[in-house]
Amino acid sequence: MARIDIPRKSIYRLSIYQRCLSRLRENDVDTVSSEALAKAAGVKSTQLRKDLTYFGQFGTRGLGYNVDVLSATIAEVLGQNHLQPVILVGVGNLGSALLRYGGFKKEGFEVAAAFDIAPRSQAGLDIPILHLSEMAAFIKERQVKMAILTVPASSAQLVTNQIVEAGIQAILNFSPTVLDVPENVVVNSVDLAVELENLSYFIR
């Protein structure tokens with residue numbers, strides 16, 4: 001499928017729709033209405049239909065969406081029809097916890113290797129933990145396009161420069177800093193402290 005230029009928020013919602021569809025498939029549900037799927041995803045049905053129209057016409061009036069067909073289409077759009085290799089940089093407490101997360105493969109991602117300035121093997125992990133100096137060659141050789149960044153803020157930009165130069169095009173950034181990247185590189189930042197601060201507003 002040709003890549004379609006759509007809003008990033010719509011792409012984000014596609015992932016939510018896909019999780020809802022997965023739950024429906026697990027419960028042997030064959031079809032779902034736009035209203036039911038939208039409610040499960042926490043959006044309005046008009047927003048759901050608008051997001052899906054970027055990729056064609058789905059569903060039958062009065063019958064709804066075929067769960068398997070819609071799920072397969074979204075999987076293709078999101079690149080989930082094959083395992084996407086990902087690297088993780090920074091094997092501290094957070095990085096180690098992410099390496100032990102078992103849900104990546106289920107969602108179509110495989111952590112091919114982790115990198116750290118002082119690599120140490122970890123019991124129970126079959127993911128290689130390599131020195132940072134081996135990172136660029138690994139990215140180029142394996143043609144890895146995605147990275148998870150869990151390094152301190154002080155070194156985040158330097159590491160970002162290195163992985164972008166090696167060929168990384170998408171970064172999930174857990175470092176509490178704003179990264180400067182070229183226009184062709186996408187960064188999704190997760191600042192846990194900011195998220196907690198936002199939540200604290202609602203419990204005053």
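Tutor: Domain bounds here come from an automatic or database domain assignment. The model is predicted, so local features need pLDDT of at least 70 and side-chain atom pairs count only at pLDDT 80 or more, while totals for chains, interfaces and linings use all residues. Residues are numbered from 1 along each chain as its sequence is written, and side-chain values use heavy atoms, leaving out hydrogens and water.
Student: Thanks! How is the protein divided, and how far apart are the C-alpha centres of the domains?
Tutor: Domain 1 covers 3–78 and domain 2 covers 84–196. Their C-alpha centres lie 29 Å apart.
Student: What is the strand order in the open sheet?
Tutor: The six strands run β5-β4-β3-β6-β7-β8, with parallel pairing. Strands are DSSP runs of E with at least two residues, helices are runs of H or I with at least four, and both are numbered from the N terminus. Two strands pair if DSSP finds at least two bridges between them.
Student: Why is one side of β5 and of β8 left without a neighbour?
Tutor: β5 (129–131) and β8 (186–189) stand at the edges and each has a single partner strand, so one side of each has no neighbour in the sheet.
Student: And what joins β4 to β5?
Tutor: Three bridges do. Phe115 has Leu130 in β5 as its bridge partner.
Student: Changing topic: how many aromatic pairs are there?
Tutor: Two turn up in a search of the whole structure. Rings of Phe, Tyr and Trp (its six-membered ring) pair if their centres lie within 6.5 Å; planes under 30 degrees apart are stacked, over 60 edge-to-face, and the rest tilted. Tyr101 and Phe104 are edge-to-face, at 4.9 Å centre to centre and 90° between the planes. Phe115 and Phe138 are also edge-to-face, at 5.5 Å and 70°.
Student: Is Phe115 buried or exposed?
Tutor: Phe115 is buried, at 0% relative accessible area, and Phe138 counts as buried at 10%. Buried means under 20% relative accessible area, exposed over 50%, and partly exposed in between (1.4 Å probe, protein chains only).
Student: Which residues have the most contacts inside the largest nonpolar core?
Tutor: Ile87, Ile163 and Ile171, in a core of 23 residues. A nonpolar core is a set of buried Ala, Val, Leu, Ile, Met, Phe, Trp, Tyr and Cys residues joined through side-chain atoms within 4.5 Å. Helix α7 gives the most to this core, with five residues.
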